Amino acid sequence: MKFNKLFTLLSLLLYTCVSIAQLQNNNTLNTPQDISKDFEDYKNTYYLADELASFNPETGQGTIKYLRYNFATRQAFNNMLSKLTPSIANEFPSTEYAVSPELPFSVEFISDRTIRIKTSSGPQFKKQETSLMLVDGVAKDARNLWTYSKVSEGHKYTSSKGSVLITEKPWHVYIYDASGKLLTSTLHLDDVKSTYTPVTPFSFVRRAEDYSRSMDAVFSMSPEEKIFGCGESFTQFNKRGQKVILWTDDANGVQNETMYKPIPFYMSSRGYGVFMHHSTPITVDFGKYFNAANSMMIGDDEADLFVFIGEPKDILDEYTDLTGKPEMPPLWSFGFWMSRITYFSEQEGRDIATNLRKHKIPSDVIHFDTGWFETDWRCNYEFSKNRFDDPAKMIADMKADGFNVCLWQLPYFTPKNTLFNEIIEKGLAVKDKKGNIPYEDATLDFTNPKTIAWYQEKIASLLKLGVGVIKVDFGEAGPASGIYSNGKTGFYEHNLYPLRYNKAVAEITKEVTGNSIIWARSTWAGSQRYPLHWGGDAATTNTAMASTLRGGLSLGLSGFSFWSHDVGGFTTKSPEDVYRRWTPFGMLTSHVRSHGEPPTEPWEYSKAFLSGFRDADNMRYKLMPYIYAQAKHASENGLPMLRALFVEYPNDPGAWLVDDQYLFGSDMLVAPLFENVTERKVYLPDGKWIDYQTGKVYNKGWHTIKAGAIPIIALVKDGTVIPHIKLAQSTKDMDWSKIELKVYTADTTEAKGYLYLPNDSELHELILDKKDSGFVLKNNPVSEKTSFKITN
């Protein structure tokens with residue numbers, strides 16, 4: 001009876017905690033900063049880009065003349081209207097300041113597909129710095145790949161992939177593909193004179209309150225155009241018609257508009273992508289206010305935009321060439337990760353390891369979350385001496401049994417933390433304007449080299465103990481009002497905080513262990529260089545499961561190859577039915593972890609559930625050669641492992657409409673069950689598809705398909721060879737010298753696939769030809785290492 005009362009009380013407390021989260025748009029601590037209101041304020045002054053005042057075609061540099069406007073009102077039959085009206089100068093003395101300033105503009109060429117457009121709202125006196133978001137800190141110059149010609153409208157540059165036309169009066173930048181199709185262009189006031197809607201064209205705003213300036217890079221949108229990306233966004237997949245705020249936030253779930261992982265990058269179905277090379281708050285209105293205008297409201301006083309021409313694969317390859325491709329994570333990371341909130345002791349961890357092997361649940365990682373310290377959540381990088389007798393031996397024993405250990409930590413330190421005073425005394429935390437700290441917690445300042453050295457020493461001591469990977473939790477609350485060691489404010493550093501945090505852990509992990517791997521929640525542009533990231537605190541519901549997939553697809557379209565999620569959901573004990581269907585979805589993701597409120601261990605549910613979980617896990621481990629090879633291919637090409645259909649099928653209109661299915665790598669199509677059903681409607685792109693579980697063949701189009709014994713629908717593209725390996729309980733025990741090549745064909749006489757072996761430096765393509773009733777391998781590129789058994 002006492003236990004039941006205690007359980008009820010704990011459940012009530014848990015429910016209360018889960019119910020408390022940040023309200024949006026209420027001006028409380030760390031509310032995402034929406035700067036769009038600055039572009040609607042009657043007090044502010046607006047400078048509209050009007051004409052090209054000067055231009056040097058050899059350097060691509062010139063100036064734009066801006067005309068001054070203000071918003072004015074007009075009442076019409078009890079309806080108050082607004083309009084931009086020309087404005088006179090309001091500065092004194094009037095002889096000292098330009099009414100219509102002429103300000104810098106440039107166009108650069110980074111590759112034959114990538115154009116860089118820069119504008120400024122004023123002179124730039126700051127020193128030029130390398131960019132944390134770009135590979136090697138700079139963008140290369142490929143102007144030699146473009147040919148210049150003077151045309152009647154102005155200036156034209158052409159490459160094999162497209163062209164750029166810069167007109168003089170009115171000023172425009174038009175971007176075309178190689179066929180001459182207009183992809184997008186800057187908007188001038190003349191372009192929107194035919195509408196009553198007061199549309200602000202390409203411009204900048206000068207705030208009345210402090211004279212700070214921000215750019216509004218406004219481009220055209222076509223009637224049929226769709227927009228994707230912007231990071232791990234949980235709202236509707238197609239961002240057309242949405243206003244997206246790019247500000248890192250502890251989203252407290254996966255079913256609202258704020259994001260753990262915003263990325264200032266998107267791609268269009270029109271055939272182009274855009275990277276907004278900024279860390280300030282950004283709000284993008286993708287035709288929400290006016291459906292023909294894409295308004296990129298950038299907090300910075302400059303606009304620095306990279307525009308990519310091509311199909312989705314081309315765009316992702318170009319974007320990740322610029323901002324970085326991920327290193328290949330270690331093989332063991334692709335195994336199953338067992339976790340919960342939280343394992344509190346060495347004995348509990350050892351029991352989990354024993355039970356995983358006892359119940360034959362293949363697994364490679366055991367994660368200790370917030371409870372491995374002396375006090376739960378109080379991160380001081382030391383195992384509790386009361387509950388962990390010998391951490392080094394525990395880790396060594398687990399590794400011998402095929403388990404790597406993952407440890408949770410975070411970059412915030414409460415006043416009761418044993419490290420708090422040291423952090424303050426050494427000046428390692430972000431400060432406020434007075435020199436104190438902005439929050440009650442001390443927040444590590446990763447712009448300070450001394451902080452990075454201190455922090456990496458703490459992380460290194462754990463890695464040297466044998467820990468395999470560090471969970472890089474939180475990171476979304478870099479103080480917006482803070483003053484950072486590099487002299488910048490949180491306005492510029494808040495969004496960079498996750499990138500600096502990811503980088504610090506990834507680099508010390510690579511240095512100590514040789515592996516480039518973290519397990520992180522927050523990101524910014526460039527974080528994809530430091531795999532891997534997981535999807536935040538999902539509810540244990542069908543809608544949260546579906547939203548999790550949308551977020552993963554969206555992040556994949558933002559340059560991230562590797563992504564995971566909490567299988568079964570996070571916030572409460574997962575209902576068995578939800579967990580049962582979520583499990584194979586997790587197993588067919590680049591990385592897979594069960595994590596959340598206990599219990600998460602499959603043996604804590606029914607025998608039928610345990611058996612089903614084992615079957616799904618076994619499927620993943622047998623598929624490991626496919627997963628590993630596809631991961632290598634994805635990392636080399638900037639492609640997501642969890643892939644929107646249109647990435648592989650850009651010419652299939654139906655593929656652009658689907659957000660509840662995905663391609664797992666290039667050749668497997670996966671449709672999870674988001675309700676307690678045994679079948680669902682599935683859209684199949686061009687070609688024929690073979691059910692992975694039943695062997696049934698389907699043509700392109702819509703079908704109602706029954707799930708197999710494992711509650712998920714998975715199909716293989718016709719003409720594909722999927723390498724399989726003999727089941728093992730960990731990747732450490734896999735025998736890569738014997739691989740089974742399973743051929744999936746309906747009409748084709750040739751099958752292709754990839755193979756990537758551990759400790760190999762090269763990804764190999766396997767090609768098989770039909771011979772009699774079977775298939776034969778054209779050549780064996782790994783004949784000295786591996787033999788093949790071919791089945792079909």
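Two strands are said to pair if DSSP finds at least two bridges between them. Helices (H or I, at least four residues) and strands (E, at least two) are DSSP runs, numbered from the N terminus. The model is a predicted one, in which local features need pLDDT of at least 70 and side-chain atom pairs count only at pLDDT 80 or more, while totals for chains, interfaces and linings use all residues. Residues are numbered from 1 along each chain as its sequence is written, and side-chain values use heavy atoms, with hydrogens and water left out.

With these terms in place, an open sheet of five strands can be traced in the order β6-β7-β8-β9-β10, with antiparallel pairing. Its edge strands are β6 and β10 (182-185), each of which pairs on one side only. Neighbouring strands of this sheet are turned by 20 degrees against each other on average, direction ignored; axes here are lines fitted to C-alpha atoms, for helices over the stretch in contact, and angles run from 0 to 180 degrees between N-to-C directions. In general, strands of a sheet pair through backbone hydrogen bonds, either parallel or antiparallel.

Strand β6 (residues 147-151) runs antiparallel to strand β7 (residues 154-158), and five bridges join them. Together β6 and β7 form a hairpin, with two residues between them.

Some backbone details lie in loops. D136, in the loop between β5 (114-120) and β6, has a phi near 60 degrees, a positive value in a residue other than glycine. N759, in the loop between β41 (750-755) and β42 (764-771), likewise has a positive phi, near 65 degrees, and is not glycine. D136 is exposed, with a relative accessible area of 72%, and N759 is exposed at 81%; buried means under 20% relative accessible area, exposed over 50%, and partly exposed in between (1.4 Å probe, protein chains only).

Two peptide bonds are also of note. The bond from I341 to T342 is cis, with omega near -5 degrees, and T342 is placed in the loop between β20 (336-338) and α3 (346-358). The bond from P531 to L532 is cis as well, with omega near 10 degrees; L532 lies in the loop between β26 (519-520) and β27 (533-534).

UniProt, in an unreviewed entry, places the feature "domain: Glycoside hydrolase family 31 TIM barrel" at residues 326-629. Such annotations may be inferred rather than shown by experiment; their positions follow the numbering used here, and feature names are shortened. Over residues 326-629 the chain is 38% helix and 11% strand, and the end C-alpha atoms are 15 Å apart. The unreviewed UniProt entry also annotates residues 638-722 as "domain: Glycosyl hydrolase family 31 C-terminal". Over that range the chain is 5% helix and 40% strand.

Finally, the lining of the largest cavity includes R580, F609 and I710. A cavity is a set of points, on a 1 Å grid over the protein atoms alone, where a 1.4 Å probe fits but cannot get out, and lining residues have an atom within 4 Å of a point. Helices α10 (576-587) and α11 (607-622) each supply at least two lining residues, and α11 gives the largest share, four residues.

Conventions. On a 1 Å grid over the protein atoms alone, a cavity is a set of points where a 1.4 Å probe fits but cannot get out, and a pocket is an open set with protein on both sides within 12 Å along at least five of seven lines; lining residues have an atom within 4 Å of a point.
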